[in-house]
Amino acid sequence: MTNTNLLPLPDNETLEKEFKKIKPLMTASEAVVESSRCLFCHDAPCIKACPTSIDIPMFIRQIMTKNIKGSAKTIFTQNILGKSCGEVCPTQVLCEGSCVYLELNEKPIDIGRLQAYATGYAIENDIHFFKAGKATGKKIAVIGGGPAGLACAHELTVLGHKVTVLEANKKAGGLNTYGVAPYKLTNKDSLNEVEYISKIGFEIKAGIKVSSNNIEELEKNHDAIFISTGLGESKKIKIPGEGLKGVIGATEFIHNLRDKEQKIVVGKNIFVIGAGNTAIDAAVESSKLGANVTVIYRRSAGDQNAYDFEVNHAKENNVNFLYLTSPIEISGKEHVEKIKCIKNKLIKSKSNIKSSIEPIKGSEFELDCDMVILATGQERMIDLFSGIKGLETDNGKIIVNKNFQTTSPKYFAGGDCVNGGKEVVNAVAHGRDAARGIDKYLMSNNTCHSHENGNPEKLVSNAGFPLTRE
Ligand code: SF4
């Protein structure tokens, strides 16, 4: 970058102060005190709100009775990435958001931190609860070593299959290593978890990119393949000046920030385009690095996709918001210098459908700008998918049935490449359940028979394609 309005490289002291964890690990006495508040509800709503159905009252009771090992086992039985999920899950809208204490106008149980406490104890002390099952002789490749891929690989290994995880990046962990905000989960946290999970005995090959060029070879050498590639690059917004230096996608910005452990140079005035959770993460991270940050969103505050608690966190970190505003041009010699925007008005629709927006003529204005972060969504991994015979997608998302099997029978898929981008915990649930689907498929002569009673199971597609494999 040649632009002069760049901030200096942050020093270690600043990084330590700014990026300290917002949910620090509990001490043993904090965990006992907090766990003793739980009402151990019958038919607990917190369990229903957890995408991996962890028995929350059970693990909390185990912490209360100082059975930390037992508590970790309860969590890992449902969610082998229970440690990172405890730290990065939006618990405010999941388990904690459904805690009965909220009905009593009281603070909900701090479930996420209790979960991280118990699982962190097991990881720290290298205590393991599962081992590889009796070898079945089946070989499975997992494309993508993120949360879905790791959960799938672990479960498949428990079931006795030989698993190789192929990860395109230098390190595994996916979003946990390269995507989530570092004040939620550090690189060390993520990599420790990867190491802990993989000790069960599956192999991780990092730096291997699977594409339409080498997928056939992979298919020949494996009995089944699980696709957990996540999403692709940040979408372009198609306005003039997007190619200038200093304009970067949010995913690429966060990837670089995580890879360099926050030691990166950013511009003084940064504009983040979009108002989803990724946009908010990029905005907060930039602000913590010392930039003046403004989020630009074309619609109103009520329409933004980011969780309210994330938006509030951004505001507490001095991030500004410009609503009903669209960027129309980015300009500068080589490096971005200005961003031109236009104001929008909401046009109420007669039906209950979301209002549309219309630019207000003559409302254009220009702002000084040293960096633009594009956070309006991510592309799909179309190249890889198009190389797989028979694999169908819907708007770039892979179509799967209830066993996570794709329309190309040897291939299963889960995580963001199926749901279009949800939470880490949703990816873990997909990976775990897909492993069971793969097991059914492989252990019944490549049909989808029920594992328990040997009867053929008629697959009723969630996604609208009836598959019967008998
Ligand atoms: Fe405990 Fe709250 Fe769950 Fe009830 S809803 S079991 S109080 S965490």
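Colleague: What makes a residue count as being around the ligand, and which residues are they?

Modeller: The model is predicted. The residues around the ligand are Cys 38, Leu 39, Phe 40, Cys 41, Ala 44, Cys 46, Pro 57, Cys 99, Val 100, Ile 109 and Ile 111.

Colleague: How many residues of this shell are nonpolar, polar or charged?

Modeller: The shell has 11 nonpolar residues, with no polar and no charged ones. Cys and Pro count as nonpolar here, as do Ala, Val, Leu, Ile and Phe.

Colleague: Which residues of helix α12 are called buried?

Modeller: Buried means under 20% relative accessible area. In α12, residues 250-259, that applies to Ala 250, Phe 253, Ile 254, Leu 257 and Arg 258.

Colleague: Why are they said to lie on the same side of α12?

Modeller: Because the arc they cover around the axis is only 125°. In general, an α-helix has 3.6 residues a turn, so residues three or four places apart point the same way.

Colleague: What do the buried residues of α12 pack against?

Modeller: Their partners are α9 (175-178), α10 (187-198), β5 (247-249), α13 (277-288) and β13 (371-374). After α12 comes Glu 261, with a positive phi near 50°.

Colleague: What makes the protein chain as compact as a globular protein of that length?

Modeller: The chain has 17 helices and 16 strands. Its radius of gyration is 23 Å, and the globule rule gives 23 Å for 470 residues, so the description holds. Of those 470 residues, 53% count as buried.

Key: Residues are numbered from 1 along each chain as its sequence is written. This is a predicted model: local features need pLDDT of at least 70, side-chain atom pairs count only at pLDDT 80 or more; totals for chains, interfaces and linings use all residues. Side-chain values use heavy atoms; hydrogens and water are left out. A residue is near a molecule or strand if one of its heavy atoms lies within 4 Å of it. Buried means under 20% relative accessible area, exposed over 50%, partly exposed in between (1.4 Å probe, protein chains only). Helices (H or I, at least four residues) and strands (E, at least two) are DSSP runs, numbered from the N terminus. The arc is that of the directions from the helix axis to the C-beta atoms. Contact means heavy atoms within 4.5 Å. The radius of gyration is taken over C-alpha atoms; the globule rule is 2.2 Å times the number of residues to the power 0.38.
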